[in-house]
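Here is my note on this model, in numbered points. Please keep the structure open as you read.

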Amino acid sequence: SKSSEEIKQQNSELSEKVHSLVSQNSAMKLDMEDLHKKLEMAELMIQQFSSQAGSLDANQQLQMALEEKASLETQVTQLSESLHQLQAERDQYVEKLKEERSVWQQRVQQLSEQVHTMAEEKEKHMAQIRELEANVTEL
């Protein structure tokens, strides 16, 4: 009887422990379900942030590409302006060279004419000198 009561007492205590453990187990299952839900939510949030971060990266890359495009367009515009300016300067230089060439050609022509005239005058003077020498010799 004592043994039976002790066993009943132990059985009752063990039953309470089992009840307590079942309650703890149920609570842990609920906590685990909550944690699974939180984990799923965290994974969804990570995916969203990853996709948003990817979008941000894509947006940032797009922005950077647009800024680089604008910078390159500015450089192209500046280079085009420089090219036009250099072409204008080249055209002016070519025109100046043509004018100088024309001036030098005229100058060469004038000098050539002067040399020819002086050569003719020299021949005349030489003829006069020979004639005068001949006259001096006769005298």
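1. Start with a pair of charged side chains. Asp91 forms a salt bridge with Arg90, and their closest N and O atoms are 3.0 Å apart. Keep in mind that this is a predicted model. Asp91 is partly exposed, with a relative accessible area of 42%. Arg90 is also partly exposed, at 48%.

2. How many salt bridges does the count come to? The count comes to 2. Lys69 and Glu73 also meet in a salt bridge, at 3.9 Å from N to O. The cut-off is 4 Å, so this pair is within it.

3. Look at where Lys69 and Glu73 sit. They are 4 residues apart in helix α1, so about one helical turn separates them. Lys69 is partly exposed, with a relative accessible area of 48%. Glu73 is partly exposed too, with 45%.

4. Now take the whole chain. How many helices and strands does the chain have? It has 1 helix and 0 strands. The radius of gyration of the chain is 57 Å, while the globule rule gives 14 Å for 139 residues, so the chain is more spread out than a compact globule. Helix α1 covers residues 2–138.

5. The overall dimensions can be read from the C-alpha trace. Along its principal axes, the trace spans about 195 × 25 × 10 Å. Two pairs of residues put distances on this picture. Glu43 and Gln106 are 63 residues apart in sequence, and their C-alpha atoms are 91 Å apart in space. Glu133 and Glu68 are 65 residues apart along the chain, and 93 Å separates their C-alpha atoms.

6. Glu43 is found in helix α1. Glu43 is partly exposed, with a relative accessible area of 42%. Glu133 is in helix α1 as well. Its relative accessible area is 49%, so Glu133 counts as partly exposed; the limit for exposed is over 50%.

7. What share of the 139 residues counts as buried? The share is 0%. To count as buried, a residue must have under 20% relative accessible area. The chain exposes about 13300 Å². Carbon and sulfur atoms supply 57% of that area.

8. Next, the charges. The chain has 15 positive and 26 negative charges. How far apart are their mean positions? The mean positions are 5 Å apart.

9. Last, the annotation. An unreviewed UniProt entry gives residues 78–139 as "domain: Golgin subfamily A conserved". In the model, the chain over residues 78–139 is 98% helix and 0% strand. The C-alpha atoms at the ends of this stretch are 88 Å apart.

Note on methods:
Residues numbered from 1 in each chain as written. Predicted model: local features only at pLDDT ≥ 70, side-chain atom pairs only at ≥ 80, totals over all residues. Heavy atoms only, no water. UniProt positions renumbered as here; feature names shortened; annotations may be inferred. Helix = DSSP H or I, 4+ residues; strand = E, 2+ residues; numbered from the N terminus. Buried < 20%, exposed > 50% of the residue type's maximum accessible area, 1.4 Å probe, protein only. Rg over C-alpha atoms; globule rule 2.2 N^0.38 Å. Areas by Shrake-Rupley, 256 points an atom, 1.4 Å probe, with all protein chains shown as cover. Lys, Arg positive; Asp, Glu negative; His and termini not counted. Charge placed at Lys NZ, Arg CZ, Asp CG, Glu CD.
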